[in-house]
Amino acid sequence: MSTLQEIIRACQHGSTEAFEQLVRQYQQYAFKIAYGILGSDRDAEDTVQEAFIAVYRQIKSLRNEEAFPTWLGKIVTNLCFRKVQNSGKRPTVPLDSIEDLRISNTGPEEAYLALELKQDVHNALLNLPLDYRVVVVLRDIQGYSYSEIADIAGIPLGTVKSRIHQARTLLADLLQPTRNEEEGER
Amino acid sequence: MLCHDVRENLSVFLDDELPNDLRDSIVKHLKQCPECLAEKERLSRVTGLVRTLEIPPLESDVFSYVMASIKQKDIDKSYHVFSVMLGLFSILAGGVVTLVYFSPLGQAILALFGSTVKNIIDVGSLIFKISSRSTVGIQGWSISLTLFFGFLLSYYGLRKVLNNTNLGGPLHE
């Protein structure tokens, strides 16, 4: 099995087989970022396809083969930004208001509650401002380091730190059980 | 360390991206401050929830789509280039015809072109005559070799240009 460096070099020399290997190896990786930011299977799929078209056309300009995952992350994130800005709307959230996003602690089944919680987490994430959502997705879903996020999003390291913190605080507020429900439990 | 400063750094603390001295100070503060500890737990919980978010698998054949899309875009581009070239050629050809047949300047240029061609032919035949009279025959060989390499260079140059503009052709391999 070829290493990433070998695959990238082969792609730079025009090997379609190597490009296929690269796509199959990194498509889910790219999809995770796009899905986290856009919140829709179809939009995320379109973005991943566009991202790999860009990779095919620009791979010769990639100097450091090991930086490929970060480079791909940058392409996907930029495309997501463009998609959200062009559509002029926030990603689709099934629930209408932030109040609806608060976790409901009442329910007959634990499994149902767990499912509901996951749904709530995703909806809360999609309700974050785009800049905040991007850094949280890159950090917590994709696992990039702060310096990699700074590189991908094109912002200073200090801004990455503050955005991640503000995003998590907002998420925690959105996902906090309502006071009435807490009182009802007692 | 003040509560405000600790809370500002809690996310970086959770992500283990703090320098050791600052990290130790926060650990020390958290042992003494239940409010900051509760805030840390709150952020830790939400971070855990996001990290365990399920991402559905990507089921479509991205590679096939990407290759088909690249091919289609290249074909579209080559049609575009072809139509632009055709348009430019038509304009140029139209311009030349107009210039030659409908203006005195065009007729002058045509006469100049004709006399230039005639002069080149005369010079060429003179060189051949001189080279055939030469005992060494070096001029004849020089002309032959120059013509041969000239044709060779033109052929490879033309091939390269055609290859570069073959945008709708097969992919690299």
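1. Contacts along chain A. In this predicted model, 66% of the contacts in chain A between residues at least 6 apart in sequence join residues at least 24 apart. Chain A has ten helices and zero strands, and its pattern along the sequence reads α-α-α-α-α-α-α-α-α-α. Of the 186 residues in chain A, 50% are buried.

2. A:T70 and its surroundings. A:T70 belongs to helix α4 of chain A, which spans residues 68–87. Its relative accessibility is 13%, so A:T70 counts as buried, the limit being under 20%. Leaving aside residues up to four places away in sequence, A:T70 touches A:Y29, A:Y144, A:E148, A:D151 and A:I152.

3. A salt bridge within chain A. The side chains of A:R9 and A:E65 form a salt bridge, with an N to O distance of 3.1 Å. Because A:R9 lies in helix α1 (residues 4–12) and A:E65 in the loop between α3 and α4 of chain A, this pair ties together parts that are 56 residues apart in sequence. The two partners may be described separately: A:R9 is partly exposed, with a relative accessible area of 41%, whereas A:E65 counts as buried at 11% relative accessibility.

4. Extent of the interface. In the model, 44 residues of chain A are in contact with 37 residues of chain B. The area buried between chain A and chain B is about 3800 Å². Carbon and sulfur atoms give 63% of that area.

5. On the side of chain A that touches chain B, at least two residues each are supplied by α2 (16–38), α3 (41–58), α6 (110–126), α7 (130–141) and α9 (157–174). The largest share, eleven residues, comes from α2(A). By class, that side of chain A has 19 nonpolar, eleven polar and 14 charged residues.

6. B:R42 and its two partners. What does B:R42 meet in chain A? The side chain of B:R42 forms a salt bridge with that of A:D173, at 2.9 Å from N to O. A:D173 is partly exposed, at 34% relative accessibility. Within chain B, B:R42 also forms a salt bridge with B:E39, the closest N and O atoms being 3.0 Å apart. B:E39 and B:R42 both lie in helix α4 of chain B, three residues apart, which is about one turn of the helix. With a relative accessible area of 14%, B:E39 is buried.

7. A salt-bridge network. A further group of charged residues deserves mention. Salt bridges link A:R139, A:D140, A:R168, B:D15, B:E17 and B:R51 in a network.

8. Confidence in chain B. The mean pLDDT of chain B is 80, and 83% of its residues reach 70 or more. Which residues of chain B stay under 50? They include residues 165–173, over which pLDDT remains under 50 and for which the model has 18 contacts beyond four places in sequence. Where pLDDT is low, the predicted coordinates should not be read in detail.

How values were computed: Residues numbered from 1 in each chain as written. Chains lettered and ligands numbered in written order. Heavy atoms only, no water. Helix = DSSP H or I, 4+ residues; strand = E, 2+ residues; numbered from the N terminus. Buried < 20%, exposed > 50% of the residue type's maximum accessible area, 1.4 Å probe, protein only. Contact = heavy atoms within 4.5 Å. pLDDT = per-residue confidence, 0-100. Buried area = accessible area lost by both parts, 1.4 Å probe. Salt bridge = Lys/Arg side-chain N within 4 Å of Asp/Glu carboxyl O. Nonpolar A, V, L, I, M, F, W, Y, C, P; charged D, E, K, R; others polar.
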